[in-house]
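Work through the following exercises with the sequence and the model at hand. Each task is followed by a solution in steps.

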Amino acid sequence: MHHDEVPSDLWTERQAEGYDDPDDPRFSPQLLERTTRFLAELAEGGRALEFAIGTGRVAIPLQQRGVEVSGIEYSPAMADRLRRKTTEIPVVIGDMATTRVDGEFSLVYLVFNTIGNLYTQEAQVACFRNAARHLRPGGRFVVEVGVPGLRRLPPGQDAVPFAVTEQHLGFDTYDLVTQRAVSHHYARQEDGSYRYSPHNFRYVWPSELDLMAQLAGFAPEARYADWDRAPFTADSDSHVSVWRLPG
């Protein structure tokens with residue numbers, strides 16, 4: 001797969017600019033504390049590599065815990081924002097399916113649905129293989145991703161709302177044949193108009209991820225509903241999954 005064939009949205013300067021919103025629940029100190037504690041425990045004192053590191057939302061507090069973090073980021077605009085915050089975290093520009101970073105890691109991780117940013121199955125499988133390439137024996141790959149919301153689709157519908165407020169309308173549309181989906185965001189601007197931004201992704205089932213892991217030589221280690229290690233159940237709407245290379 002050539003670099004220019006990797007199917008993924010390239011985040012623009014405008015998207016990067018609006019990404020670091022302190023009011024966004026993803027930036028809550030409590031969530032980041034739980035997320036980075038979990039990841040630091042799994043790194044076991046070794047180096048960590050974040051796929052789709054973005055502006056460093058998770059990488060910077062993880063580094064502050066004493067974990068040596070590197071990153072791969074597809075969007076130069078997002079990486080620029082990270083570099084303005086810190087020079088301590090090396091970032092390589094490229095896609096997470098094929099880009100190689102120097103060195104060996106004890107943990108590779110990607111958070112908040114970014115596996116879906118690769119919107120073909122082929123690219124997602126390649127991403128698992130790329131994670132395995134970077135890991136030492138016994139190293140772990142961690143993925144945080146939503147469970148596809150298809151149970152919320154009535155017959156004949158292809159859209160599921162996920163945000164309905166005065167400031168933000170958001171809904172996902174699903175193609176049940178290709179597993180391709182689009183998140184549609186309408187954000188209210190100060191003048192009362194709305195700015196539309198779509199985001200393409202490929203939804204993926206937990207069992208499908210396990211098969212991708214198996215193809216890349218991983219064994220399943222754990223699946224939780226969240227970073228607190230709550231049990232994953234039939235009603236969980238997302239999961240944090242851990243796979244391990246044989247030691």
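## Exercise 1: Overall dimensions

Task: compare the radius of gyration of the protein chain with that of a compact globule of 247 residues.

Solution. For 247 residues, a compact globule would have a radius of gyration near 18 Å, and the protein chain agrees, with 18 Å. The radius is taken over C-alpha atoms, and the globule rule is 2.2 Å times the number of residues to the power 0.38. Along the principal axes, the C-alpha atoms fill a box of roughly 50 × 40 × 40 Å.

The model is predicted: local features need pLDDT of at least 70, side-chain atom pairs count only at pLDDT 80 or more, and totals for chains, interfaces and linings use all residues. Residues are numbered from 1 along each chain as its sequence is written, and side-chain values use heavy atoms, with hydrogens and water left out.

## Exercise 2: Secondary structure and burial

Task: state how many helices and strands the protein chain has, and what share of its residues is buried.

Solution. The protein chain has six helices and eleven strands. These are DSSP runs numbered from the N terminus (helices: H or I, at least four residues; strands: E, at least two). Of the 247 residues, 49% count as buried. Buried means under 20% relative accessible area, exposed over 50%, and partly exposed in between (1.4 Å probe, protein chains only).

## Exercise 3: Strand β5

Task: explain why strand β5 (residues 135-146) is largely enclosed, and find which strands pair with β5.

Solution. First, nine of the twelve residues of β5 are buried, so the rest of the structure largely encloses this strand.

Next, β5 pairs with strand β4 (residues 105-110) in the parallel sense, over five bridges; two strands pair if DSSP finds at least two bridges between them. Leu-110 has Val-143 of β5 as its bridge partner. From β4 the chain passes through helix α5 (residues 121-134) to β5 in a right-handed β-α-β crossover. Right-handed means that, with the strands pointing away from the viewer, the path from the first strand over the helix to the second runs clockwise.

Finally, β5 runs antiparallel to strand β11 (residues 238-244), to which seven bridges join it. Here Gly-146 stands opposite Ser-238 in β11.

## Exercise 4: Two residues
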